[in-house]
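I opened this structure for a first look and kept notes as I went. The entries follow the order in which I looked things up.

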Amino acid sequence: MTGTAGAAYEAGLLALREGALLEGALRALGEESDVALVDATGRDHPRRAGLAVHLGAVLDLPTVGVTHRPLLAEGAWPADERGSTSPLVLDGECVGYWMRTRRGTRPLAVHGGWRTAPDTAVDVVLSLTGRSRTPEPLRQARRIAREARAAAA
């Protein structure tokens, strides 16, 4: 599926930019998923409604957000062991976790999304990472996107 972003990038408004494209892509798969992994925040958002939450609400599908850094939440990095976590807190609420998927690498920010608690999000992401830092579905999606951009150039 191809398309154009609906707006210019602005922090906190990613759902307006990419939400419709992602919704269309997931619907085009033709298969029902148990959960969607989204390269975006969930509750780590000024209105507790990042792209992972929006997309899940529109599709009525549990979602998990995975980013390289939090949007607003803060927390110390976890121990340098696979599976170690430390809370990401926003206004006194745990909205996600720093999570170490591989020893010796930077942790990921893992966010609860639509109908997914932060603890569940950690379990999902850990089950989808192997030797790489990034969960396999996101690695594959990024590879496919790079190939599509190269083919279009």
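**Sheet.** I started with the strands of this predicted model. I found an open sheet of five strands, with mixed pairing. I read the strand order as β1-β2-β5-β4-β3. Which strands sit at the edges? I noted β1 (36–38) and β3 (85–90), each of which pairs on one side only. I then looked up the twist, and from one strand to the next it averages 30 degrees.

Next I checked what α3 does. I saw that α3 lies across β1, β2, β3, β4 and β5. Its direction makes an angle of about 20 degrees with β4.

I turned to the nonpolar residues. In soluble globular proteins, nonpolar side chains tend to be buried together. The largest nonpolar core here has 12 residues, including Leu37, Val66, Leu108, Val124 and Leu138. Which elements each supply at least two residues of this core? I listed β2 (63–67), β4 (93–99), β5 (108–112) and α3 (118–127). I noted that α3 gives the most, with four residues.

What does Val110 touch, leaving out residues up to four places away in sequence? I wrote down Val64, Gly65, Gly96, Tyr97, Met99, Ala121, Val122 and Val125.

**Helix α1.** Last, I looked at α1, residues 14–28. I tested its length. At 1.5 Å a residue, its 15 residues should span 21 Å. The C-alpha atoms at its ends are 21 Å apart, so the two values agree. I also looked for a bend. I found a kink of about 30 degrees in α1, centred on Ala20.

Which residues of α1 are buried? I noted Leu14, Ala15 and Gly19. An α-helix has 3.6 residues a turn, so residues three or four places apart point the same way. I then looked for the cover over the buried residues of α1, and it includes α2 (51–59). Just after α1 comes Gly30, where I read a positive phi of about 75 degrees.

Terms used: Residues numbered from 1 in each chain as written. Predicted model: local features only at pLDDT ≥ 70, side-chain atom pairs only at ≥ 80, totals over all residues. Heavy atoms only, no water. Core = buried A, V, L, I, M, F, W, Y, C linked by side-chain atoms within 4.5 Å. Buried < 20%, exposed > 50% of the residue type's maximum accessible area, 1.4 Å probe, protein only. Contact = heavy atoms within 4.5 Å. Pairing = 2+ DSSP bridges. Axes fitted to C-alpha atoms, helices over the stretch in contact; angles between N-to-C directions. Expected span 1.5 Å × (residues − 1). Bend = angle between axes of the 7 residues up to and from the residue.
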